[in-house]
Amino acid sequence: MAFTRTAGRLGLLSCHLCNSLTKSAPGAHEGRCSRCGSHLRFRKPDSITRTWALLIASYILFIPANLLPIMHTNSLFGAQSDTILSGVVYLWASGSWHLAVIVFIASILVPSAKLVTLTFLVVSVQRRSTWDPLQRMNMYRILESVGRWSMLDIFVVAMLVALVHLQTLATIRAGAGAVAFGALVVVTMLAAMAFDPRLIWDPQWTRHE
Ligand SMILES: [Zn+2]
């Protein structure tokens with residue numbers, strides 16, 4: 001690969017909102033969109049540090065989200081506290097295996113896969129890896145689009161609450177695990193947003209200079 005022209009090298013900033021290209025002032029690291037006036041940057045500032053900080057917070061939240069009870073049920077048959085995993089086991093044992101699978105995928109599999117993928121992307125960027133940037137870009141795209149499915153879990157809990165209310169005189173309270181899980185989903189989403197996918201491509205261009 002010979003000389004490659006990149007927008008960054010030509011001092012051009014593209015706008016995330018209106019896609020317009022703006023020429024930056026010489027030597028500047030940021031600018032303002034000439035069309036819609038939004039704030040533009042060549043790279044997100046301190047992307048790697050911020051992503052790491054949020055990632056570590058996510059790993060810490062992952063523990064209470066899975067170990068603390070996600071809901072407390074009070075019914076005629078007694079009080080019961082359930083973690084995500086015991087909820088999955090309960091659903092499976094009571095014959096709602098499709099619900100068990102949905103809850104397992106949405107609240108255990110997807111959040112862990114997101115954390116592992118984002119960690120891999122940050123480490124690869126930090127080590128200036130040149131491994132298949134297109135593949136890594138696709139991983140980032142999936143990571144971003146999958147975020148909303150993590151909230152599926154909340155719908156399942158809402159549905160369970162409705163079901164239990166219909167069947168018996170029971171009360172359900174959200175446990176500390178639900179708070180930790182909500183925080184986990186939000187913090188992981190922020191971590192993915194703090195990551196600048198343009199960093200994936202940087203080593204490709206500098207290597208050929
Ligand atoms: Zn714009």
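Predicted model: local features only at pLDDT ≥ 70, side-chain atom pairs only at ≥ 80, totals over all residues.
Trainee: Let's start with the metal. Which residues are the protein donors of the zinc ion?

Mentor: Cys15, Cys18, Cys33 and Cys36, each through its SG atom, lying 2.3 Å from the zinc ion.

Trainee: And how are the donor residues spaced in sequence?

Mentor: The spacing is C-x2-C-x14-C-x2-C. Cysteine 15 sits in the loop between β1 and β2, and cysteine 33 in the loop between β3 (30-32) and β4 (39-41).

Trainee: What geometry does the site of the zinc ion have?

Mentor: Tetrahedral, with angles of 104 to 118° among the four donor atoms.

Trainee: Cysteine 15 and cysteine 33, buried or exposed?

Mentor: Cysteine 15 is buried, and cysteine 33 is buried too.

Trainee: I was looking at serine 20. Where does it lie?

Mentor: In the loop between β1 (12-14) and β2 (21-23). Serine 20 has a relative accessible area of 11%. The cut-off for buried is under 20%, so serine 20 counts as buried.

Trainee: What is serine 20 in contact with, leaving aside neighbours within four places in sequence?

Mentor: Leu13, Ser14, Cys15, Cys33, Ser34 and Arg35. Two names there, Cys15 and Cys33, are also zinc donors.

Trainee: Switching to strands. How do β5 and β6 pair?

Mentor: In the antiparallel sense, over five bridges, with β5 covering residues 71-75 and β6 residues 78-82. They form a hairpin with two residues between them. Threonine 73 has glutamine 80 in β6 as its bridge partner.

Trainee: And how many bridges are there between β5 and β7?

Mentor: Four, again antiparallel, with β7 at residues 171-174. Methionine 71 stands opposite alanine 174 in β7.

Trainee: Next, rings. How many aromatic pairs does a search of the whole structure find?

Mentor: Two. In one of them, phenylalanine 120 and tryptophan 131 have ring centres 5.9 Å apart and planes at 80°.

Trainee: Why is that pair called edge-to-face?

Mentor: Because planes over 60 degrees apart count as edge-to-face, and the planes of phenylalanine 120 and tryptophan 131 are at 80°. Phenylalanine 120 lies in helix α3 (residues 97-126) and tryptophan 131 in the loop between α3 and α4 (133-146), so the pair ties together parts that are 11 residues apart in sequence.

Trainee: How accessible are phenylalanine 120 and tryptophan 131?

Mentor: Phenylalanine 120 is partly exposed at 36% relative accessible area. Tryptophan 131 is also partly exposed, at 45%.

Trainee: What about tyrosine 140 and phenylalanine 195?

Mentor: Their pair is tilted, 5.5 Å centre to centre with 50° between the planes. Tyrosine 140 is in helix α4 and phenylalanine 195 in the loop between α6 (176-194) and α7 (198-207), 55 residues apart. Both tyrosine 140 and phenylalanine 195 are buried.

Trainee: What else does phenylalanine 195 touch?

Mentor: Not counting residues up to four places away in sequence, its contacts include Lys44, Ser47, Thr51, Leu118, Leu121 and Ile200.

Trainee: Last topic. Which residues have the most contacts inside the largest nonpolar core?

Mentor: Leu118, Phe195 and Ile200, in a core of 14 residues. The elements giving two or more residues to this core are α3, α4, α6 and α7. Helix α3 gives the most, with five residues. Apart from this core lies another of 12 residues, among them Ala65, Ile70, Ile108 and Phe181.

Terms used. Residues numbered from 1 in each chain as written. Heavy atoms only, no water. Phe/Tyr/Trp six-rings, centres within 6.5 Å; stacked < 30°, edge-to-face > 60°. Buried < 20%, exposed > 50% of the residue type's maximum accessible area, 1.4 Å probe, protein only. Contact = heavy atoms within 4.5 Å. Pairing = 2+ DSSP bridges. Donors = N, O, S within 2.8 Å, 3.2 Å for Na, K, Ca; no water. Tetrahedral: all angles 85-135°; square planar, octahedral: opposite > 155°, others 65-115°. Core = buried A, V, L, I, M, F, W, Y, C linked by side-chain atoms within 4.5 Å.
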